[in-house]
Amino acid sequence: MRVVGTFHPPSSVARSVKCSLTEDASLQHLVLAKTDKLEVYSLRPDGLKKECVTDMWGRIVGLQAVPSEDTGRSDLLVMTDHPDPNLILMSYVVDAGAPSVVPIGSLSLYDRALRQSEFVVDFQVDPTGSIAVASCYTGKLKVVVLEKGKLGAAFDVSHSDLYNLLAFTFLHTESHNQYTLALLHLNHRQEIQLISRDLDLAEYELSPDPSTLLSHTLLPRKRFPSIDPPPMLIPVAGYSTGNEDDEDDEASAIHRGGVLVLGGTRLSFYEHASDSEQETRKGKQSRVNKRRSSGKKEEIAQANAKERERASRTLPPRASVRWPWAAVTAWCDPARNSRRFILGDAYGRLSMLAFDDKRMYITLLPLGETSPATCMTYLSSQVLYVGSHFGDSQIVRIHPSPIANSNSPTLPIPAGISTLPPSALAPSEKGKGRAVDDDSDTRFKGRVVGMKGTFIEVLQTHSNIAPICDALLEDIDGSGQPQVVTCSGDRNTGSLRVIRTEADFREHARIDGLQGITDVWPVRPTFLDFTHTHLAVSVLQGTLIFAFSGKDSITHLDPASLGFVTDAPTYALGNIPRRKTTTSGKSAYVDSPLVVQITPKGVQLVECDPTLATFDHYGSWTPRDAGGDFVGRQVIAGAMSPSQYVVGLSGCRLVLLNLDQDDSLKIYTQRDFLNEICAISCNPFDPSKNFTTSVAVSFWGSNCIEVLNPAASLATTHSVSLSSLPCSVLLHNFGTGTSSSGPDFRPHLLAGLADGTVATYEIRGTKLAEPKTSSLGNAPASLSVCAVEDQLVVFASGARASVLHWNGHRLRPSPVAIKVKPGQGNDTEYHCIPSCLAIATSSSLLVGNLRGMSKMQISTIPLGSDLFGVACTKTAIERVGDIPEVTSSFKLIDAHSFQQLDSFACKPDEVAFSVCILSVPGPVPRTAFCVGTVVFRPEETEPSHGRIVVLGVSSHSPRSLEVLASHEVYGAVYTIEPISDALFAAGSGPLYVTIFRIEESAAGETMTHSVTKVAEWNHNYAVTQIAFDGTYLLVCDAISSVSVVQWNEEREKIECVARDYSPLWPMSIATSEDGVIGSNSDCNLFSFVLQSHGQRKILERNGIYFIDDVVNKIIPGRLTSVDATGDQTVRPSHVFFTASGRIGAIMEVGDAEALHMTALQRNMAKTLLGPGEVDHTKWRSPANEHGHSDAEKQSLGFLDGDFLETFLSHPDPEMFMEGDVEAERITIPITTVKDVLVQMQSLH
């Protein structure tokens, strides 16, 4: 059984809207619709603040704000996509200070009998917020009446205009009871037609006659070279110029409103009809209807002919302007019902379209470039949110004047499009407006302004790794934590992204030249003081004291003037309180300037003078002072709590000291052991307490750790043996509870071993739980407690560093992107650098902040490998209708600096589609990249030629590429896979087997390389991927299914082993332990097992699961470091990457646990419903182009890990253990269930 979990959630933004979700009208919200979730941000003076995130069970395709039941605030109307389209009404609530978005109503849009809409799956809300209309099937719209706070009556409307619907919107009408839709569709002659129809709520239908509000017209098809993406419609509200009485001047007449058509080579505005025009059209329509109802054939024929004649008219727009760039993909209205609109094209070029206030003119002003926009929302003060699917989402400011590049064009405008200088927009002193005589587009009442300079300032960037086209998963730096490298983005935002879950360390100060640091401690003037003023650094030969002497400086103090021991290393150091007797006779801890230092010489007591910032010797304790058999012993280890000081003495003795009321150090208790003491920890589990109830001690020789009770003469309460020496031990409570009876009490014993392993044990009463282990390299691991983002965490350091923290009901490690020395990192609070951390490296001391322990760090960081090979394709389109200029190349990238070292340029009509690595034998073995290409020719509908190119990489610096061999093949080369000395390549042609050969000249001086075809296999349509499992070759045919073939090297022939003949339409495949795992175009994951059936083998499908996302790549591997215990119920299997930016893990669960996890998912699905009352079992059942199939009513072979893991946070998880009947009861203990789920979490 496989389990599917999410590592990186989808980052593509589909929709955005600004509204007020609370009754406080001054507080505005920005709501983002990502693929499967809603994110709500509040607009604050200091920026956006995330309020809540709500998961949606379905892909979001529509989002709008609608009036709520409470006056002054809005609810959210959300539409999800096929196979189960829904309209869901959501409300923003705040419960006990925690905001959330909850569903308050839903409506299913599913229709089994109809075909899915090809061009538009979305909904529109009329300007009053009373009616919503949704389109998701051809020939039909769903009309929903919106009553405040709920979804009202709903009905379907059908019409021939709704087949091949390209766009639709509500028009602005003067009457609140009139609802008119503008429809843009392809008619039966494949002509683009704009028509309007009224909604008749009383009759529950769409008016059979066109609305008189907007004239129906054909749009010139030559202006629409492509309808991918389809055009868009913008409703424009009416506007009074103040010159309505001047009927003779058409340009000064009232702006009656209308609709803007965004698409093609022109932006066109079609105006509403005047009242008199509407009355005339009503009369004409009445006469036509009268003829149709006359019953006379001649009358009916004349009426139909007249109707066809009207429908075939092409009316000129009231105003239009030539569009200079690529297709419009997003628009926004800066102010509701304004006459200015911000437009964004497919390549991120931003412009403003504005209506003239006095004349019927539309003006297009270029603004600058952003990420390609899928949605845009105006926030305030010229600040705009740009949501993107192809690049990072951005918050930008639009300036009224250029902020950069003032001498360069704002945006490139193709030749042939006339432009005006900005000065031409200045108002004229004569007449009603300045005439524009030099604009060739004035007859269309539109103009393009040739601006210079950049008006766009990017204020904030939100990382988006969608769409992921390809990816690598490799532990490049040897850290044990695999890194993900993705090919992300598209159009003008393609990039390489390096993704890893790690804490972000921001360095603020550095002390270089410090060698051999073993530990670091901050020092405060008094125990209760908040700010640290000094830093004690222990090195191999002594102890150094530094003072924070200014905002940007740190000073090394003279050892002669200090009360500290500086000629010996320090084991422990810290501020302590004094213990005094109160008037009631009770002992209490009070503030003091005392500091305790434990060194090999003993325990020193030092007093700080806060005024002079100096330290004086105050007292001490040494083994010699204790007398008796203490004489001759040496302090070899030490640890301290605020009131307890534990020292390990040579001769296997442990001594616990405390400070008496006369400020002298006294022995409280002691104990002798059989082995020498190695390390000690006495951290209190309750940080608010000044004393500990447990002491942990590790020993040389036995590799054992014992937990002792100080109140019982250091009696042993827990004991454990390890495989390596525990050179560092730590007691720490990862929860917020302070006692075992508390709700969040999570005491742990942690051990840093000499082999670089960190072992963690949860203390459960009198027992230790099974250990969780992770590796920090091959250097000894050390542990210390520090505060990060108001949470006490454990900083673990070895050859690498990691932060251990409690998150998601389990202990999580977050790597830190710095190379540390096997020493300590300690928390400090300096008045200029609050909440900072001091970390020792091999040659310096760093002071900085740790942030984002659970966050993805997405950046181009240096890697430990040498080179990357990246196939790149650049598509340049100046404007709609232009033939794309495509250039393709293969780039050699330095993995340390991410700089381009060399590149190979493909031929002008050639595109690099696939890449693999090939080892080239020879006297000096070389690495080569094998590139598969596709040749695109304008006269071909399907590529018929391709090429295999072998590029060698030079071994000397500078690294460069060299063409070793090239071989042309029939058909495109979509995929290529090296196996031994053979290259398997496939695409739109056969599956080829080629051999890469090296031939040496007779003299042995030169070597020639060649690629020779030795076999081919013609049994597929379009092979998009090949995978090799060591024995068999797996072939992914995008039009058919999956095949298993074998290369017979002796016969030089490809032999078919097994095939699946179902119409699976796979997109990606990968090898698994027993067969194949893959994804298809219907957003399903599937798996096959290769079975023997008599003398032959067959592919038997053993898994199918609806993942609701397009999976582009599946890689065998893991996302987390290997657990050194190796005994895991859940094992990592594969990693997948999707078009929405999702990265997920596929895990394997043992058969015994799989039965219980399947039962748990079944029990949870009966109770837990998604927003809109979506049933989990139905949602995850396999889907196809017609929806979910009745033949497969639930998923097979896969479980939803994200859904199962909600069990850990549910307030009453025991209810899911029982089931509805006895047969559904889960018999294993709930603690075992939680352990399995925690293991799942740890793998993604």
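**Exercise 1. Glu878**

In which loop is Glu878 found, and between which strands? State also how exposed Glu878 is and what surrounds it.

Solution. The model is predicted.
- Step 1: Strand 69 covers 867–876 and strand 70 covers 885–894; Glu878 lies in the loop between them.
- Step 2: The relative accessibility of Glu878 is 48%. Exposed requires over 50% and buried under 20%, so Glu878 counts as partly exposed.
- Step 3: With residues up to four places away in sequence set aside, Glu878 touches Pro324, Trp325, Ala326, Arg349 and Pro414.
- Step 4: Tyr347 is 531 residues from Glu878 along the chain, yet their C-alpha atoms are separated by 9.4 Å.

**Exercise 2. Thr486**

Decide whether Thr486 is buried or exposed, and list its contacts.

Solution.
- Step 1: Thr486 belongs to strand 35, residues 483–488.
- Step 2: Its relative accessibility is 0%, so Thr486 counts as buried.
- Step 3: The side chains of Thr486 and Ser488 make a polar contact at 2.7 Å.
- Step 4: Beyond four places in sequence, Thr486 touches Ile468, Asp470, Ala471, Ser495, Leu496, Arg497, Ile499 and Phe1137.

**Exercise 3. Helix 4 and helix 8**

Describe how helix 4 is placed relative to helix 8, and which residues meet.

Solution.
- Step 1: Two packed helices are described by the angle and the distance between their axes.
- Step 2: For helix 4 (residues 1151–1167) and helix 8 (residues 1230–1242), the axes come within 11 Å and cross at roughly 95°. Helix 4 is therefore roughly perpendicular to helix 8.
- Step 3: From helix 4, Glu1153, Met1157 and Leu1160 take part; they meet Val1233, Val1236, Leu1237 and Met1240 of helix 8.
- Step 4: Sorted by type, the residues of this contact give 6 nonpolar, no polar and 1 charged.

**Exercise 4. The largest nonpolar core**

Identify the residues of the largest nonpolar core that touch the most other members, and the elements that supply it.

Solution.
- Step 1: The core has 30 residues, and those touching the most other members are Met1157, Leu1160, Leu1204, Phe1207, Leu1237 and Met1240.
- Step 2: Two or more residues come from each of strand 90 (1143–1149), helix 4, helix 6 (1201–1204), helix 7 (1215–1218) and helix 8.
- Step 3: Helix 4 gives the largest share, 6 residues.
- Step 4: Take Leu1160 as an example: apart from neighbours within four places in sequence, Leu1160 is in contact with Leu1204, Phe1207, Phe1216, Ile1226, Val1233 and Leu1237.
- Step 5: A second, separate core has 23 residues, including Ile234, Val321, Val328 and Leu411.

How values were computed:
Residues numbered from 1 in each chain as written. Predicted model: local features only at pLDDT ≥ 70, side-chain atom pairs only at ≥ 80, totals over all residues. Heavy atoms only, no water. Helix = DSSP H or I, 4+ residues; strand = E, 2+ residues; numbered from the N terminus. Buried < 20%, exposed > 50% of the residue type's maximum accessible area, 1.4 Å probe, protein only. Contact = heavy atoms within 4.5 Å. Axes fitted to C-alpha atoms, helices over the stretch in contact; angles between N-to-C directions. Parallel < 35°, antiparallel > 145°, perpendicular 65-115°, else oblique. Nonpolar A, V, L, I, M, F, W, Y, C, P; charged D, E, K, R; others polar. Polar contact = N/O pair within 3.5 Å; in protein donor to acceptor, adjacent residues only side chain to side chain. Core = buried A, V, L, I, M, F, W, Y, C linked by side-chain atoms within 4.5 Å.
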